[in-house]
Amino acid sequence: EKRIDMLFYRVRRADVPWAFYERAAARARARYGYTVRFLSEMSRREAYELLLPMYRAVEPTDAQALASTLDRYFAAMGESALAMQSGACVGALIVLREGETRRAACLHVHPRARNHGVTALLFDALNVKIPPEILEIQAGGIDEGNTHSKLNAEHTGATLFRTYRVYQLKV
């Protein structure tokens, strides 16, 4: 029995409306005092301590699972960005290096910071951080029911290129 579809998008870097994100990020910085920090500028432990409270505010998060994920992928996450406000993480765009592409593996925004420009701030940071020779950015997997994330992907000009169907087996 089908449980859910996970959607994967890709976009050519040249097709992303970067000027839109740059303007929106500037407004968010001015209005809410946001700054951006990259995982490449911190230790795995510091990243964990900043991410855990934000992730717990977004969804039930197993601290050990987050630590395990950081242990496994931290070296490939250097271009990942954290949106900061008054020393606390209010958003995270986790980007994985995969050869000549970059995959925006997940985007989370703290509930109190939603609709305050955090997504634009993180997208703008991504454009600044990734090397110019990277021509494609991928996003996924996005839960088919997550309308907000699907719209964000489509707004960038991304197109759906893969769907993984997850089934639930009745035993």
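Is Arg-45 buried, exposed or partly exposed? Arg-45 is partly exposed, with a relative accessible area of 47%. The model examined here is predicted.

Side chains of opposite charge can pair when their charged atoms come close. A search of the whole structure returned 10 salt bridges. One of the residues involved is Arg-45, which forms a salt bridge with Glu-49. The closest N and O atoms of this pair are 3.0 Å apart. Both residues belong to helix 2. Their separation is 4 residues, about one turn of the helix. Glu-49 is partly exposed, at 45% relative accessibility.

Asp-71 forms a salt bridge with Arg-44, with 2.8 Å between the closest N and O atoms. Arg-44 is partly exposed, at 26%.

The axes of helix 2 and helix 3 come within 10 Å and cross at roughly 140°. This angle makes helix 2 oblique to helix 3; roughly antiparallel would require an angle over 145 degrees. The crossing of helix 2 past helix 3 is right-handed. On the helix 2 side, the contact comprises Arg-44, Ala-47, Tyr-48, Leu-51, Leu-52 and Arg-56. Helix 3 contributes Ala-63, Leu-66, Ala-67, Leu-70 and Asp-71. By class, the contact contains 8 nonpolar residues, 3 charged residues and no polar ones. Arg-44 and Asp-71 are among the contact residues, and these two also form the salt bridge described above.

A further salt bridge joins the side chains of Glu-98 and Arg-103, at 3.0 Å from N to O. Here the partners again differ in accessibility class. Glu-98 is partly exposed, with a relative accessible area of 35%. Arg-103 has a relative accessible area of 18% and is buried, because buried means under 20%.

Methods. Residues numbered from 1 in each chain as written. Predicted model: local features only at pLDDT ≥ 70, side-chain atom pairs only at ≥ 80, totals over all residues. Heavy atoms only, no water. Salt bridge = Lys/Arg side-chain N within 4 Å of Asp/Glu carboxyl O. Buried < 20%, exposed > 50% of the residue type's maximum accessible area, 1.4 Å probe, protein only. Helix = DSSP H or I, 4+ residues; strand = E, 2+ residues; numbered from the N terminus. Axes fitted to C-alpha atoms, helices over the stretch in contact; angles between N-to-C directions. Parallel < 35°, antiparallel > 145°, perpendicular 65-115°, else oblique. Left-handed = near helix turned anticlockwise from the far one by under 90°. Contact = heavy atoms within 4.5 Å. Nonpolar A, V, L, I, M, F, W, Y, C, P; charged D, E, K, R; others polar.
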